[in-house]
Amino acid sequence: FIILKLHEQGYSNKEIANFLNSNGIKPPRTDSFSVRLVWVTIKKLKRRLEKEESMKINILSERLNKPS
């Protein structure tokens, strides 16, 4: 996810929006990225990654606790 990579490198939401727009990267439902859209996207991506990590931990825990 390019937005998360840029965010982790310290770019501001405005800088990320400008970068995406200037490179012709368009969001699915509008013509350009706004600062707010970048912020919401980062928030959702972080939540998704946390959920995926939690699911992986739960699956591993279940496998380890299963009687052989």
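## Positive patch

In this predicted model, Arg29, Arg36, Lys43, Lys44, Arg47 and Lys51 form a surface patch of positive charge. Patch members have over 30% relative accessible area and no salt bridge, and like charges are joined within 9 Å, nonpolar side chains (Val, Leu, Ile, Met, Phe, Trp, Tyr) within 5 Å. A salt bridge is a side-chain nitrogen of Lys or Arg within 4 Å of a carboxyl oxygen of Asp or Glu.

Helices are DSSP runs (H or I, at least four residues). Lysine 44 is exposed at 52% relative accessible area, and arginine 36 is exposed at 60%. Buried means under 20% relative accessible area, exposed over 50%, and partly exposed in between (1.4 Å probe, protein chains only). From C-alpha to C-alpha, arginine 36 and lysine 56 are 30 Å apart, with a sequence separation of 20 residues.

## Nonpolar patch

Ile2, Phe19 and Ile25 make up a nonpolar surface patch, with about 230 Å² of accessible area together. Isoleucine 2 belongs to helix α1 (residues 2-8). Its relative accessibility is 42%, so isoleucine 2 counts as partly exposed.

## Two sides of helix α2

In helix α2 (residues 13-22), the buried residues are Asn13, Ile16, Ala17 and Leu20. They line one face of the helix, because their directions fall within an arc of 100° seen down the axis of α2. Lys14 and Ser22 are exposed on the other side of α2.

## Basis

Residues are numbered from 1 along each chain as its sequence is written, and side-chain values use heavy atoms, without hydrogens and water. In this predicted model, local features need pLDDT of at least 70 and side-chain atom pairs count only at pLDDT 80 or more, while totals for chains, interfaces and linings use all residues.

Technical notes: Areas by Shrake-Rupley, 256 points an atom, 1.4 Å probe, with all protein chains shown as cover. Lys, Arg positive; Asp, Glu negative; His and termini not counted. Charge placed at Lys NZ, Arg CZ, Asp CG, Glu CD. Arc of directions from axis to C-beta.
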